[in-house]
Amino acid sequence: MIRSRSLRSALFLLTFGTFVGSGFAAAGAQAGPDAVLHGFERLGDYQLVVGGKLQPAAEIYALPSGVPAFLILSSALPSPVLLSPGEGSVQTVQLMKIVKRPNGTVDLMADAALSPQGKFELVGEDVRFKTEGRTAALQPRPSLLGLKKAVDLTNYNPEYARRAKAYQPNAKSVQQLRKVTQPTRVRVYFGSWCPHCKEHVPLLLKVEEQIKGSKIQIEYYGLEKGLNDGASKKFGIHAVPTGVVYSNGKEIGRLGTADWTAPETALASLLAGK
Amino acid sequence: MATAGTLESPISASASASVPGTWRRVLGYLGGAVLGLVLLLAAATKALDPLAFAEQIQAEGLNGLFSASTVALIGLGIETAVGLALLLGLRRLWVLIPSVLLVAFLVFLTGRTYVRSIHGEAPAAASCGCFGNLVQRTPAEAFWQDLLLLVPPLGLAFVGRPRGGRFPGGRIAAVALATGAAVVFGAKAADLPLDDLATRLKPGVVTAKVCVGEGKDAICLDTLVPDLAREKHMVVLADLDNPAFTGMVPDLNRYSQGAQGEAGQNDAGPLVVISATPPTTSFLFTFGPAFKIHDAPPALLRPLYRRLPRAFSVRDGKVERTYSTVQEIRQALGAPVSARP
């Protein structure tokens, strides 16, 4: 019997990792991915609690579109759990029928057998369920607040990393930013709870990566839901994300809502005084 | 030589005991007429969308003993009566004193919000989304605009005011009749198909021009959903807590999963759902939407509907058609309409 939690986690990840690394070809030969339950993407909006204990290593996935479904992988649960919003059903699936793709998405195999575990229950914003004798709950994660670095954002929510990776900044604007000679600081006010931030802040994360070593320093400041906190009022933040740009310690402009579709271009224009 | 009666207003020709200078009487009439027009325009807007006015009354805490919709109708009646009386040149004290009270009340309301905003007490727009306190008009703008638009014409309305003379029974009857009509219309308007007329959302509107805020803070429909500028989309404006919308989620799921649109017509394009609040866990897990929900500033959405849900089809950034009832939306989604009213 495995007593150590960390040992169990390691074994779980080893099993999952080994299967991901080498088992897919064999499994794929038997049955391809399920026609519907494939392409699960990892989320950062929720955390898993099992038996009253937070499971920080748990991986929570959701289908980006189509049928609403959440897949939970955790060493604290005997088997991966599939939650189906709308229907309210809780089902388990064999770990060996789950395939992790190189791009980080997860598929269920077409021949995966789902074992019903009853219905989940909504208590406030908690999604509570029982599976194979364990009591568990999905809870919205607490907001990321205060001054943060890029790595804090990507650690908090894998969606940031995924979107940053997919973004191609304008090469000319990036070149312009790399040539900036004045010490420049961009403070990005964002809300980890805000869907627009999830879409747009990652673009700047990618830009930050590409201008590493330049005179431009980018930092992130998480605000509370509702934007009624002291920081929002003090800095006049009406919407998130908002980037406040300082050159030589003095505010010279802001990246507003319309600028976030190509933040590198907006920042380059602002710094060029256009 | 012009008499006081002929200059009391271009409409009436009653005699007056005192005869102020012609220019004073014309100026006075113009002041009253401008104020009257402003009040009538405001009344017309409220009559077309009495629900929005009732919401405003509720938010300001003005409903007291009556329901917000009853107070909305009373307010509509007062504004119509005073506005029309001034436009018809009735500048007697029994018209001007209510005018002063009405203007003072309106300025007080915007002034109170302005003072509260200065002290950080004004409630932000009712949103927990990404756009906390973005508003169409800032409290300061609202206060100064109301002050400048209402107070100078009110002051002018006292200039060259006719005294005595014949009782203007005809004009009073006209005011009473119009006021009654406005109140009846206001009571029925919510159920009349006036959504395109009463809101900013109508066929031909360009989504890139539906904006709130200014400069860097401006947020437009296209900023929120850039896809609207390209090809065809079916957009549903929603209140996620409203049973009329939640009851429609299965239809929206079917549609977004590839169902075709209105029978005999082309698919209305991919589904876009916009709400003033992001979906809660409770909403997501109870109703299981198979579509993405975009959140938008309440100040951007509110001028686009009288009642939610409301939908529209858009092609290349231009609104083609609006759907203002649940039945119309369900029909556009290709759902059987007989199942639910």
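A polar contact is a pair of N or O atoms within 3.5 Å; within protein, one must be able to donate a hydrogen and the other to accept it, and residues adjacent in sequence count only if both atoms are side-chain atoms. Between chain B and chain A, six residue pairs are in polar contact, both residues at pLDDT 80 or more. The model is predicted: local features need pLDDT of at least 70, side-chain atom pairs count only at pLDDT 80 or more, and totals for chains, interfaces and linings use all residues. Residues are numbered from 1 along each chain as its sequence is written, chains are lettered from A in the order in which they are written, and side-chain values use heavy atoms, without hydrogens or water.

At the interface, 30 residues of chain B are in contact (heavy atoms within 4.5 Å) with 36 residues of chain A. One salt bridge (a side-chain nitrogen of Lys or Arg within 4 Å of a carboxyl oxygen of Asp or Glu) is found across the interface. It joins the side chains of Glu199(A) and Lys292(B) at 2.4 Å, N to O.

| Partner of β17(A) | Sense | Bridges |
|---|---|---|
| β15(A), residues 184-190 | antiparallel | six bridges |
| β18(A), residues 250-255 | antiparallel | five bridges |

Val244(A) has Arg187(A) as a bridge partner and Arg254(A) as its partner in β18(A).

Methods. Pairing = 2+ DSSP bridges. Helix = DSSP H or I, 4+ residues; strand = E, 2+ residues; numbered from the N terminus.
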